[in-house]
Amino acid sequence: MGSVESERLVTGWAARDPSGFLSPYTYTLRKNGPEDVVIKVLYCGICHTDLHQSKNHLGMSNYPMVPGHEVVGEVVEVGREVSKVRVGDVVGAGVIVGCCRECGSCKANIEQYCNKRIWSYNDVYTDGKPTQGGFASAMVVDQKFVIKIPSALAPEQAAPLLCAGVTVYSPLKHFGLMTGGLRGAIMGLGGVGHMGVKIAKAMGHHVTVISSSDRKRTEAMDHLGADAYLVSSDEAQMAAANDSLDYIIDTVPVFHPLEPYLSLLKVNGKLILMGVINQPLQFVTPAVMLGRKTITGSFIGSMDETLEMLEFCEKKGLTSMIEMVKMEQINEAMERLERNDVRYRFVVDVAGSKLDP
């Protein structure tokens, strides 16, 4: 089906200032070209980054802004050069929607590290139009950044996997941590953290959940299947766990000390940072040197890794644990997310919501 090179009006819910309050906003989608896919948005997950961006926590927000980067929808139109998907396919789109395709990262198929990446919202596309996200009725996305959702995955369950799922899968793969029998830990039991527990367990790891209190023990152990639970404020528990972990996936999105967790790692252990924190973290160098330990980070995953992760989840029967909301409940959901009152990911039923004022 050839592309219709015309702009179209859509309605999304946008933040207009750092209050982050979202309300209906009508805007024009960019013209779709030969490699573009027009997606009718069905569902969109709510990520902590949506909160950061809508409230300008990182000091780089542009308004009006339609958030949402865990998008699942139906293909309603394709450009004449699109071969990856067809009209009627259920597809996903994630955090980035463009890259330079020429740098080392792009040529190595790790386009998420391209310095010219284009974010799915709060950015500017190559034609000069602002990008807007999935809290809207439709999106136009280049076929490179669209991925077909496996048929065995429910679309609403698949939405959070496009960010939270691949965010934990990618570093486990890259750092060679997919072997069964490893001992790992997850810090922060939110949207990313709960998928970390599920994916690591499915890889055959012994998984510990680390939390500041005992409050989440039951959900970590009984609901998610963690093997152990460690209260970081309990000095005796922390001391007993010293030198016991091959890796820690740290999803905590607020400032916290690193040294107590570095002591939990074995020699050559890795502390993998994933939380977006807008102030410096600190540690003394012997905490790393005396054990050849690594503090590193990872950012979402490539399109290749996203496909791998979806196939892995399909094979292992993994799904995200979600709470569905309508768009008119979005501000309440964002407030609850800010106080960590969700188990474990909000997903907006976009197609089933009234988007217009």
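These questions and answers cover the domains, their interface and some backbone features of a predicted model. Residues are numbered from 1 along each chain as its sequence is written, and side-chain values use heavy atoms, with hydrogens and water left out. In this predicted model, local features need pLDDT of at least 70 and side-chain atom pairs count only at pLDDT 80 or more, while totals for chains, interfaces and linings use all residues.

Q: What radius of gyration does the protein have, and why does it agree with a compact globule?
A: The radius is taken over C-alpha atoms, and the globule rule is 2.2 Å times the number of residues to the power 0.38. With 357 residues, that rule gives a value near 21 Å, so the protein agrees with it at 20 Å.

Q: Which residues make up domain 1 and domain 2?
A: The bounds come from an automatic or database domain assignment. Domain 2 covers 165-297. Domain 1 is written in two pieces, 9-163 + 320-352.

Q: How much area is buried between domain 1 and domain 2?
A: Buried area is the accessible area (1.4 Å probe) that two parts lose on being put together, summed over both. Carbon and sulfur atoms give 52% of it here. The total is about 1,300 Å².

Q: Which residues of domain 1 lose the most area to domain 2?
A: Three residues together account for 38% of what the domain 1 side buries. They are Cys163, Met321 and Tyr344.

Q: Which residues form a salt bridge, and how far apart are the closest N and O atoms?
A: A salt bridge needs a side-chain nitrogen of Lys or Arg within 4 Å of a carboxyl oxygen of Asp or Glu. Across the interface of domain 1 and domain 2 the rule finds 1. Arg343 pairs with Glu219, and the closest N and O atoms are 2.8 Å apart.

Q: Where is Tyr344, and is the peptide bond from Arg343 to Tyr344 cis or trans?
A: Tyr344 sits in the loop between helix H11 (330-338) and strand S19 (345-349). Helices (H or I, at least four residues) and strands (E, at least two) are DSSP runs, numbered from the N terminus. Omega for the bond from Arg343 is near -5°, and the bond is cis.

Q: Which residue does a cis peptide bond join to Tyr63?
A: Omega is about -5° at this bond.

Q: What is the phi of Asn122?
A: Asn122 lies in the loop between strand S7 (118-119) and strand S8 (123-124). Asn122 is not a glycine, yet its phi is positive, about 60°.
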